[in-house]
Structure formats: C-alpha cells, structure tokens
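How is a protein chain divided into parts, and how do its helices pack against one another? Please look at the model below with these two topics in mind.

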Amino acid sequence: MTQFATYADLLNAITDENGRDILNPATGEVVGRAPENTVEDLNAAVETARAAQKDFAKLSDEERCALLTKAAAAIDANAEALVELLSREQGKPLNGPNARFEVGACSGWLNATASFEHPNYTAVDDDITATVNYRPLGVVGAIGPWNWPMMITIWQIAPALRMGNAVVVKPSEYTPLSVLGLLKVVNSVLPEGVLQVVSGAGEVGAALTTHEGVDKIMFTGSTATGKKIVEASAANLTRLTLELGGNDAGIVLDDADPKEIAGDLFWGAFINTGQTCAAMKRVYVPESLYDAVCEALIEVAKASPMGVGLEEENVLGPLQNKQQFDIVDKLVTAAKDSGARVLLGGDPDYDAPGYFYPTTLVADIDPDNALVVEEQFGPALPIIKYTGLDWAIEQANKLDVGLGSSVWSSNRERALEVAAQLEAGTTWINSHGAVDPRVPFGGIKSSGYGVEFGTEGLKGLAYPQIING
C-alpha cells in the first residue's frame with residue numbers, strides 16, 4: 001500500500017507538467033496539471049487491461065474481495081490527502097455531505113461490495129440440475145462525472161473488479177485530478193494493469209464508447225451524452241449501464257410538520273450545492289402548509305454557510321464550472337422575469353472570484369416555468385404550490401425523467417400510497433437522495449437504464465453462463 005504523507009505528495013505523484021491547468025472553482029487558482037492523453041493512449045490502456053484481465057479472472061472470488069478491502073484500507077490511509085485534492089478541484093467543502101463524506105463513501109462502497117453474496121446459484125429438481133455461473137465480461141469502460149468524481153468512479157469500478165473484469169476509467173475533463181489521485185492510491189494494492197485511467201478531452205471518451213476491446217460501458221452524466229453513447233455502442237453491441245439526468249420531484253403532504261422536515265428537505269435539494277443527479281430539483285407543497293414550509297426552508301438555508309471549501313465552517317460551495325453557473329443563473333433570471341418570488345438568494349456577485357451562486361429559494365412560480373421543468377443542477381429550488389394532491393402527482397410524473405422522487409408526511413401508510421403512484425427508479429419517504437450500497441439504484445424514462453449496487457449491480461458486470469446437466 002502506498003501512503004502519501006501530504007496532499008502535496010499526492011498531487012506531485014499525479015501532476016503532468018506538460019498537461020493542462022486545472023483551476024479551483026472557488027478561487028480560480030491552479031490546482032495542478034492533468035495529463036492530456038490521446039486516443040492512442042486509450043488504445044494502449046485497453047490492450048493492457050485486456051491482457052491483465054485474463055489472470056485477474058482466474059483469481060477466486062474471495063481473493064478479489066480481499067483486494068477490494070485492501071483498496072478500501074488504502075483510501076482510508078490517504079483520506080485527508082484525497083479530501084483536500086477533491087475540495088480544491090471540485091470545490092465542495094470539507095464538511096457536511098461533501099468532501100470527507102465522499103472519500104469515506106469510497107472506502108465504504110468497496111467494503112460493502114466485497115461483502116455481498118456472489119450471485120452464482122444452482123437450480124435443482126427431479127428433472128434438471130442447472131448451475132448459473134456469473135462470468136466476467138472482460139474490459140469495462142467507466143466514464144464518470146464531475147459532481148461526485150471519486151465516489152461515482154468507485155461505484156463503477158468496485159462491482160466490475162469484484163466480478164473479475166479489468167477497467168479503463170475516463171474521468172471528466174473538469175475533475176481529472178481527483179480521479180487520478182484516487183486511482184493512484186487504489187492501484188497500489190491491485191495487480192498491475194487491471195485498472196487503467198486515461199485523462200483527456202471528449203474525443204478520448206468518445207473513442208472508449210466505440211472501442212472493440214471494451215465489453216461494457218458504465219456512464220453517469222447527462223441524458224444528451226447518454227443518448228450519444230447508446231448510438232455509439234450499437235456497432236459493437238456493447239453492454240451499457242446508464243445513470244443519466246434527473247429532475248426529481250418532492251411532494252409534501254398536508255399532514256407533514258414543516259419544521260420537522262425542513263432540514264432533510266433542504267439537504268435533499270442542496271446536497272453538494274445542488275449538483276447531484278438524484279437531488280430534489282422541485283418541491284410541491286400544499287397551500288395549507290406553503291408559507292410555513294417556505295419559512296422553515298429559509299431558516300435552514302440561512303444557517304448553512306457557503307464559501308471556499310477548505311474553510312472548515314462552510315457546508316455549501318461553488319458551482320464546479322462556469323458552464324453550470326451560467327445554466328443556474330439563466331434559469332433563476334428567467335424565473336424572476338416571469339414574476340416568481342425570490343425568497344432568498346438569486347443575486348450572484350459576478351465580480352467575485354469563483355463560481356458561487358447563492359443559495360436560492362423561489363416561490364409562487366408557474367409549474368411550467370423553465371426552473372421547474374429543466375434540470376438546474378445547482379443551488380436553486382423552486383417551491384410549487386398545489387391545492388389538489390392528484391394534480392401534484394400528475395406534475396411530478398409529467399416530465400420525461402424518472403431517477404428519484406420523494407414523499408413527505410407524518411403518516412407512513414399515506415406516504416406509501418402516494419409513492420406507489422410516482423414514476424421513478426427510487427422514491428424516498430421523508431428523505432431524498434440517500435443511496436445505500438446494498439440497495440439497487442437506477443432510473444427510468446430518460447434517466448437511463450440498468451441498476452447499480454447490491455447483488456443486482458454485480459449481475460450487471462457479468463454474464464450468466466448456465467451449465468445444464
């Protein structure tokens with residue numbers, strides 16, 4: 001196991017002096033220089049991974065699980081160096097559900113993935129004995145996003161490695177250093193060649209999706225890019241798991257306690273400063289509770305400081321990049337221009353350093369406003385008033401996305417009745433966005449297909465070979 005004494009040591013191990021500057025989104029300062037690999041580098045990485053995978057697949061399941069737990073221990077041993085790197089590059093604060101949370105989740109997911117029961121089984125009756133052995137696919141291409149760069153990379157590689165595959169990782173161009181640092185640590189305990197990483201421009205990711213040597217693509221990102229990957233994968237019939245965009249709805253029922261739910265409601269929307277696929281992007285509140293819920297959310301928001309991630313007191317940070325800042329700003333401006341009422345925020349300082357967009361709550365907004373029907377992916381929450389529950393359910397379901405949703409109520413049975421009517425891969429009761437490595441997670445409609453996590457997730461990284469007789 002390699003252990004880096006400081007963040008500077010880790011950064012030095014992954015920085016390419018001939019590479020591209022990566023800037024801190026909170027300050028504009030250079031974090032480090034990321035390698036700019038080419039398609040030729042990708043081809044070499046796939047070739048190396050294919051060669052290494054043959055011996056890796058021969059290891060027993062117990063041996064591969066032991067490697068995952070060693071990788072988790074290596075992450076824990078280097079946690080603070082990884083945390084600082086992540087905070088500087090992605091922008092998220094150290095505390096709250098942010099950088100320390102994400103690095104801790106990386107080791108937690110590896111340990112959990114190693115603990116799952118293997119999906120192999122045997123079916124026996126008077127007429128047949130059939131053994132179902134889940135065999136590795138070969139090489140998995142893992143394409144990750146910039147919002148949770150370390151954690152989602154682990155979500156992709158942990159089950160792939162457990163099932164005997166090799167992996168080629170393509171990190172986002174916005175957050176390559178975080179992934180390079182994480183995999184530098186993980187590779188210190190893995191067999192050589194099994195886990196490859198190629199950092200570069202979009203053309204490298206595009207080449208990964210069409211590569212004949214890649215047997216499966218795992219992608220987390222936008223629906224638009226996901227559709228391109230589906231098209232690109234057709235020629236090789238490459239297997240896919242796609243976790244795409246969402247515009248999750250929350251529905252507050254009229255028996256909820258506004259003060260009791262306010263904290264969880266706020267963090268369901270503003271986790272990672274709103275930059276989470278399964279965050280709550282719109283909330284429907286009954287007229288009878290509307291003012292009380294708005295006031296309770298304002299109170300929580302004012303008590304949640306935003307600022308540079310390395311300052312321990314902050315729990316909200318900047319948008320990770322200028323493009324995302326502009327999207328949020330455009331949507332909030334359009335909402336204000338339409339006559340919606342801004343309860344808090346909505347007034348960024350365009351001259352200040354960093355891509356900070358203030359925590360923004362928008363009330364009295366038309367249900368068809370762009371801030372409601374388009375995914376903002378940032379710290380701006382529209383609060384929509386309703387008088388009829390059936391209408392709220394219809395509004396929650398009318399968009400062509402279905403990653404997550406939530407119901408907020410003091411009556412569990414009533415909440416379950418509403419949850420059963422919502423069109424989403426996951427519906428939470430009195431929370432939003434919490435995922436568990438043991439529980440399958442995935443979307444419907446334009447939010448993608450395939451599931452991750454748990455034994456069902458392991459099956460997606462293998463094929464069933466049936467021995468009959």
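This is a predicted model: local features need pLDDT of at least 70, side-chain atom pairs count only at pLDDT 80 or more; totals for chains, interfaces and linings use all residues.

Residues are numbered from 1 along each chain as its sequence is written, and side-chain values use heavy atoms, with hydrogens and water left out.

The protein is divided into domain 1 (5-243 + 446-466) and domain 2 (247-427), with bounds that come from an automatic or database domain assignment. Taken over C-alpha atoms, the centres of domain 1 and domain 2 are 30 Å apart. Their contact (heavy atoms within 4.5 Å) takes 25 residues from domain 1 and 29 residues from domain 2.

Helices here are DSSP runs (H or I, at least four residues), numbered from the N terminus, and their axes are lines fitted to C-alpha atoms over the stretch in contact, with angles from 0 to 180 degrees between N-to-C directions.

| Helix pair | Angle | Axis distance |
|---|---|---|
| H6 (residues 149-162) and H7 (residues 176-187) | about 50° | 9 Å |
| H10 (residues 258-270) and H11 (residues 290-302) | roughly 50° | within 9 Å |

The contact between H6 and H7 is made by Pro149, Met150, Thr153, Ile154 and Ile157 of H6 together with Ser178, Val179, Leu182 and Leu183 of H7. In the other pair, residues of H10 including Lys259 and Phe266 meet residues of H11, among them Glu299 and Val300.

How values were computed:
Helices (H or I, at least four residues) and strands (E, at least two) are DSSP runs, numbered from the N terminus.
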